[in-house]
Amino acid sequence: MTFSVPVDLASQLLRRVPARDRSRFLAKALEKSLREEDQALVRSCRLANQDPEVAAIEKEWDQIGDQIEEPWSESPQR
């Protein structure tokens, strides 16, 4: 895996984290960041689900049938 980071951030990492610990350090940092993003998404979904306008839109979508009628099957014969 290859990626780039800003020079100042890379410098801090090199200064503060011993070479033998860098992979573990970055893995923990990525894991934490991804977990925080997941939690933020869950919070956003919960807030959206409390919104009456969102509930009304969901109700409309739920009423849409699963079966799609093909326009050519319903058209009159020529």
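Student: How many salt bridges does a search of the whole structure find?

Tutor: The search finds two salt bridges. Keep in mind that this is a predicted model.

Student: What makes Asp21 and Arg24 a salt bridge?

Tutor: Their side chains meet at 2.7 Å, N to O. The cut-off is 4 Å between a side-chain nitrogen of Lys or Arg and a carboxyl oxygen of Asp or Glu, so the pair qualifies.

Student: Why can such side chains pair at all?

Tutor: Opposite charges can pair when the charged atoms come close.

Student: Why is Arg24 called exposed?

Tutor: Arg24 has a relative accessible area of 52%.

Student: Which residue forms a salt bridge with Lys32?

Tutor: Glu36 does, and the closest N and O atoms are 4.0 Å apart. The limit is within 4 Å. The search counts this pair as a salt bridge.

Student: Where do Lys32 and Glu36 lie?

Tutor: Both are in helix H2, four residues apart. That spacing is about one turn of the helix.

Student: Why are Lys32 and Glu36 called partly exposed?

Tutor: Lys32 has a relative accessible area of 47%. Glu36 comes to 41%. Partly exposed runs between the 20% mark for buried and the 50% mark for exposed, so both residues fall in that class.

Student: How do you know that helix H3 lies largely in the open?

Tutor: H3 covers residues 52–62, eleven residues in total. The number buried is zero, so the helix lies largely in the open. Buried would need a relative accessible area under 20%.

Student: What caps the N-terminal end of H3?

Tutor: Asp51 does. One of its side-chain oxygens lies 2.8 Å from the backbone nitrogen of Glu53. The limit for a polar contact is 3.5 Å, so this distance is within it.

Student: How much of the protein counts as buried?

Tutor: Of its 78 residues, 1% do. The protein exposes about 8000 Å², with 55% of that supplied by carbon and sulfur atoms.

Student: What is the pattern of secondary structure along the sequence?

Tutor: The pattern reads α-α-α-α. That is four helices and zero strands.

Student: Which helix gives the most to the lining of the largest pocket?

Tutor: H1 does, with five residues. H1 (7–16) and H2 (22–50) each supply at least two. The pocket holds about 330 Å³ of space.

Student: What classes of residue make up that lining?

Tutor: Ten are nonpolar, one is polar and one is charged. Among the lining residues are Phe3, Leu13, Phe25 and Leu30. Phe and Leu count as nonpolar, so these four belong to that class.

Technical notes. Residues are numbered from 1 along each chain as its sequence is written. This is a predicted model: local features need pLDDT of at least 70, side-chain atom pairs count only at pLDDT 80 or more; totals for chains, interfaces and linings use all residues. Side-chain values use heavy atoms; hydrogens and water are left out. Buried means under 20% relative accessible area, exposed over 50%, partly exposed in between (1.4 Å probe, protein chains only). Accessible areas come from the Shrake-Rupley method with a 1.4 Å probe; for residues, only the protein chains shown count as cover. On a 1 Å grid over the protein atoms alone, a cavity is a set of points where a 1.4 Å probe fits but cannot get out, and a pocket is an open set with protein on both sides within 12 Å along at least five of seven lines; lining residues have an atom within 4 Å of a point. Grid points are joined across faces, edges and corners, and a volume is the space filled by probe spheres set on the points. A polar contact is a pair of N or O atoms within 3.5 Å; within protein, one must be able to donate a hydrogen and the other to accept it, and residues adjacent in sequence count only if both atoms are side-chain atoms.
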